[in-house]
Structures are given as C-alpha cells and as structure tokens.
Amino acid sequence: MSLELKNVEKKIGLDTHIYPTNLKLEKNTINILLGSTLAGKTTLMQIMAGLDNPTSGEIWFNNENVTGTKVQKRNVSMVYQQFINYPNFTVYDNIASPLKITGVSSDETKQRVGKVAELLKLSGMLNKKPNELSGGQQQRTALARALVKDSDLILLDEPLANLDFKLREELREELPKLFENRDCIVVYATTEPSEALLLGGNTATLQEGKIIQYGKTLDTYNKPNSLVSAQVFSDPPMNIAKIKKSGDQCSFLQNDIQWRTKLNIKDGEYKVGIRPHNITTYKEGNNTLEIKGKVLISEISGSESLIHFTNGNLNWVSLSNGVFQKNVGDEMNLYMNTDEFVYFDQNERLVSNG
Amino acid sequence: MNKTVNQKAWFFVIPVFVLVAFNAIIPLMTVVNYAFQETFGNNVFMWEGTRWFKQIMLSERFHASLGRQFLFTFIILFIQIPLGIAIALTMPKEGIGVPVCLVLMSMPLLIPWNVVGAMWNIFALPDIGFLGHSLNALGFDYNFTQQIGDAWFTTILMDVWHWTSLVVLLSYAGLRSIQPAYYQAAEIDGASRWAIFTKIELPKMKKVLTIAILLRFMDSFMIYTEPFVLTGGGPGNATAFLSIDLVKMALGQFDLGPAAAMSLIYFFIVLLVCWVFYTLMMRNEEKS
C-alpha cells in the first residue's frame, strides 16, 4: 500500500496554492505535514483525500491512478481542526455513521464502535449528544469516527489546535498508540514542531505551497536540508548569524567570538543556525561558548524560560530549563553549544553539521 | 462591608420607566379599563366584570375570525418556511451572485405594507390587473372581490410574495454559518444530499428557523394592513382576520368594551402560542 503524488500542482485563479510536488507515502507510516498557516497543508490533504482535484499531476494509490476518483470511493477518513460531528446524533450513532452507510451488520457495528469507544475513553458517554460533551470529548468522537472504519488513508488536519493546553497534551500522548497496528497510511498536519517530534514517523516541512524536505522526522530535524526547512522545524525560530571560517577557526562576522570546528569545508563565509535550546543562561555540558546579551524580553513557558536578547545587531532567543525572570535591559552571559550549530552556505543550503 | 445608600440611583431608572409607561403600560391599562366596564359618553363608566370576556369567548363571530386567522397563519407558514429554505439552499454561496440575490430578496421586505396591499389590489383586478386579467384570459373564472376562494388565494399569494424573503434571508444566514468541513465529512462518509440536509443543515439551522417561524407566526397572526387594502375583509367576512374584525368592532360599531376584551384575548393567544412554541423548541435544544 502506498500513496504517491506525482507532479501535483494546485492553482486557484492566478494563485498557486501547491507548487508541483512529488511525494511517496508508504504503508503503516505516520506522515507529518509541518508548516505554518497557509503553507498548503490543508490543500495537500484535500487533494490526497480526493475532496479536491489537482490542477495538474496525478495521485496514485496502490499503483493505481486515482486522480479524479471521488472521495466516497477511496476509503479515507479525516479529522478536522473544528470538532465535526453530526449535531443531533448520539456519540454512538456518530461513531457508527461511516459503518451504516457501507452496510456493516448491526452486531459488528456494535462491537467495533464499542472497541473504538473504549480506546478513546468514550464508553461512558455513548448516549450523549456532541454538544453535551467537552471539546476534548467532541474531538475524541470525531477521531473515533475516523478510526472505526478500516480506512486506507487517515488524514488529520491539526486535530489538536482547538483544544486547550491540558487536553492537547493528553490526547497528543495517546495519538501514536491509536495508529499502532493499523494497516493504513496516516497523514497528520500540524504547525507545531514539538508535535511532529512526539509523533515520530516521517515529516515533510512545507512552506508557501512547497515541500522543502521529506524524510524521517528525526533526520529532518537534525539535518535540515536548508535554512527554510530548519526554520519551519524550529519553535521558537532558529537564531541565524553570518560567520567566517578559516582553518578550524570560526567567528561571527558581527563580533569577535571564536570557536573551533571539526567541519571539513572550504574557508569562507557561511550562515550558522542555532536552535534556542542550544543557548542557555547557565554553563552546562557542552554549552560553553560564552556570549554577552542584553535582555529584550523574558518570558516563561511551562517549566522553561525564554529570553530574547541582543548582542550587537544579533537579535536572538535562548531557551533554558527552569523558571527564572530577568529584567529588561539586564546584561548577562549566555552559553552556546557549538557542537549543535547547523551550517548553511550562502544559498542557505545545508553544508554539514558541526 | 458597609454598603453606601444612595437613592439618587433611582433618577437613572426614571427615563426608562417613563418611556415604558407611555409606550406599553398606559395604553395597555386603558384597554384593560375598557374591557371591564361599560363606557358611556362624558367619561361615564359602569363596572361590568368579566361580562365582555364571556361574551367574546362565546361569540360565533369571534370563533369564525379566530378560525380564519389560524387557517391563514398555518397556510402561509406551511408555504413560506419550506419555500424559504428551498430558495436559500439554491442561492449562490460565493461570487457576484450573492449580493445580487440578497438585494433582490430584500426588495419585498422594504415595501410599506399598505403599498403592498395597493399593488396587489391593482395587480389582481380582474378587468385591468395583470394577474387578474391574465387568469381570466387563460379561462379561469377569477375575481378576488367576489369569490371567497379567489380572495384567499390572492391574500396568501401576496403574503408569500411579501414575506418568504425573510425566511430565505434567515435560512441563508443559518446555512452560511455551517463550516465547509461538515460537508466534507459527510462527503467522506458518502452521505446523500438528502442526508446532508436532514442530518447537518436542518439541525444547524434549527435556531434561525425557530426565530423565522416565531416572527412569521406573530406577523401573520396580527396581519392587518395588507388584507385591509386588498380585500377589506371581504367578500362578506371571508378574509376578515382577527385584527380586521377587531377594528370593525372597536371603530366601526364603537363597541369599546367587547373590543377591548377581544384585544386582550387576542394578545394572550399570541403570547401563549409563542411561549409554548419557544419552550418546546428550546427544551429539545437542551436535550440534544
């Protein structure tokens, strides 16, 4: 089983929503479409589902051209950002609805709904109507509807985006389990890098209607093929600086901070990307290269502290474990891990990891 | 904690109180006053208790006009609500068609009621009116000023023309508020067009439809100007709906007592029907 997009392009009027795209998704994989709003995730999913047709290009499923085949005939299910359920059906009837239409016997329906309801912790509320449930439970119902039939393709379009923080964390942890042992291809769109890392599988980074990079999630994260891909897969955004390399010595162009690199590349000017968590407010492990900073903004997120600081005309973010408050304008030392620097050439393509 | 006592606050309430008194309480109480007394000239009144109420409740004339009123209201609701939904469903969802349709739909609603009556009167005249003349030319024996069936037909047609737009606009607003994802989800399930209508669109339109039915019920139940100008309640009393009959009694015959009692009964019927309908709809809402 595989889903393949061949030169798929989508234009609406003069706007190109998806630039010619090639992508092959294999059986039993979770594939994450990672990109900001309007990157084309939803359009791509609708084309995969058959809800929308590409302007040009073909979609192949199991080595069969399914371009233009209606969604009803494709055995897909989809979960949306909004909690989409039939408003005057009970939870049970909602979950059973995809089965009823395909004519599954009532005994089997009962058994399958019961199973999926248990998996999603909905067993106690099968007789309720969707608007009697919390947002989290409504989305669980929508998920159950998607899982109850044996779809070949399950599409999830930012399913956690409308949930509050706690529910999101809770459901996020359950998600990988739900897709285990299923004979299908899962496509999951999200704007959050952390969600992609948690779900594992493969990740495609998208920007402005183009797939920038596709590969194993960790590979995409660790070896971004370009600065754009690295930016899409970094939250808060990656810090960027121009550097000069000569021999094994590197230095920022903006200041005289120097470090050694094992990187075997030509001497010259490069760009370096530093993820915020590779700059900390304390010296720890490999975080040793010192940089002075003046605090611009200091914010606390969960059990981590974000500090936006300037050094010359560098305008960077650091992310440290622990909760602490800095005053705006404070001068402080921060420490960078040079092993984790990502080097890009002048065209913003990856050179190699340091 | 000590609360400060400041009676000056009452001054802020006075304007509202005065306004409500003048536009609601005083007129209503005047009617109540008439309803329980016999009114003579020179402001002489005599207490009659509930005599006028009994008289109205037992009067065949009242039963007849109440019956006509309910029949009329049910017929126009039965036509306008489904027709309005049907038109709303076929209206375009995007592009230049949207404002064009909305403006066209709003036109009848913007025309003053007596003008609607006058328009339809002339339109339907059997000798010179376009509708009346055409129907007769086609071989129908149509004359709304003389035949009861034709009078009803014309009155209902006029009301449908005038007010279906309101149902259309409300239904359209309800339909537009359904997120596209619902339709996509139904499409993925392979639901039929009819299933989409009954399982998604109707439940999602329930609230606006409740409002539409309430508004159309109240307006049609209190209809006066249009049939007054069109048929004047005739032929005979065939289209004398409650309000037309009421005005005849109050101003034509100057039976102030019975007319006042009838006004109050009329008022309570409207109130009761609206309350029962709304409560039923909202009780279902809580359940679902």
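This is a predicted model: local features need pLDDT of at least 70, side-chain atom pairs count only at pLDDT 80 or more; totals for chains, interfaces and linings use all residues.
On one side, 19 residues of chain B take part, and they are in contact with 24 residues of chain A. The size of an interface is often given as the accessible area lost when the parts come together. For chain B and chain A this buried area is about 1800 Å², and 59% of it lies on carbon and sulfur atoms. The polar side of the interface can also be described. Between chain B and chain A there are four residue pairs in polar contact, counting pairs with both residues at pLDDT 80 or more. The count of salt bridges between the two chains is one. This salt bridge joins A:Arg145 to B:Asp189, with 3.1 Å between the closest N and O atoms.

Three helices of chain B, namely helix 8 (180-189), helix 9 (193-221) and helix 12 (256-287), each contribute at least two residues to the side of chain B that touches chain A. Helix 8 of chain B provides the largest share of that side, with eight residues.

Just after helix 8 of chain B, B:Gly190 adopts a positive phi of about 80 degrees.

Chain A is itself assigned two domains, domain 1 (2-224) and domain 2 (239-353). Taken over C-alpha atoms, the centres of these domains are 37 Å apart. Where domain 1 and domain 2 of chain A meet, four residues of domain 1 are in contact with six residues of domain 2. The area buried between these domains is about 420 Å², with 47% given by carbon and sulfur atoms. Zero salt bridges are counted between domain 1 and domain 2 of chain A, while one residue pair is in polar contact, both residues being at pLDDT 80 or more. The side of domain 1 that touches domain 2 consists of two nonpolar residues, one polar and one charged.

Two single residues complete the account. A:Lys41 belongs to helix 1 (residues 41-49) of chain A. Is A:Lys41 buried or exposed? Its relative accessibility is 3%, below the 20% limit, so A:Lys41 counts as buried. A polar atom of the A:Lys41 side chain lies 2.8 Å from the backbone oxygen of A:Gly35. Beyond residues up to four places away in sequence, A:Lys41 touches several others, including A:Leu33, A:Glu158, A:Thr190 and A:Leu206.

B:Asn136, in helix 6 (residues 130-137) of chain B, is partly exposed, with a relative accessible area of 28%. Leaving aside residues up to four places away in sequence, B:Asn136 touches B:Pro126, B:Asp141 and B:Tyr142. From C-alpha to C-alpha, B:Asn136 and B:Gly67 are 30 Å apart in space, and 69 residues separate them in sequence.

Conventions
Residues are numbered from 1 along each chain as its sequence is written. Chains are lettered from A and ligands numbered from 1 in the order in which they are written. Side-chain values use heavy atoms; hydrogens and water are left out. Contact means heavy atoms within 4.5 Å. Buried area is the accessible area (1.4 Å probe) that two parts lose on being put together, summed over both. A salt bridge is a side-chain nitrogen of Lys or Arg within 4 Å of a carboxyl oxygen of Asp or Glu. A polar contact is a pair of N or O atoms within 3.5 Å; within protein, one must be able to donate a hydrogen and the other to accept it, and residues adjacent in sequence count only if both atoms are side-chain atoms. Helices (H or I, at least four residues) and strands (E, at least two) are DSSP runs, numbered from the N terminus. Buried means under 20% relative accessible area, exposed over 50%, partly exposed in between (1.4 Å probe, protein chains only). Domain bounds come from an automatic or database domain assignment. Ala, Val, Leu, Ile, Met, Phe, Trp, Tyr, Cys and Pro count as nonpolar, Asp, Glu, Lys and Arg as charged, and the others, Gly among them, as polar.
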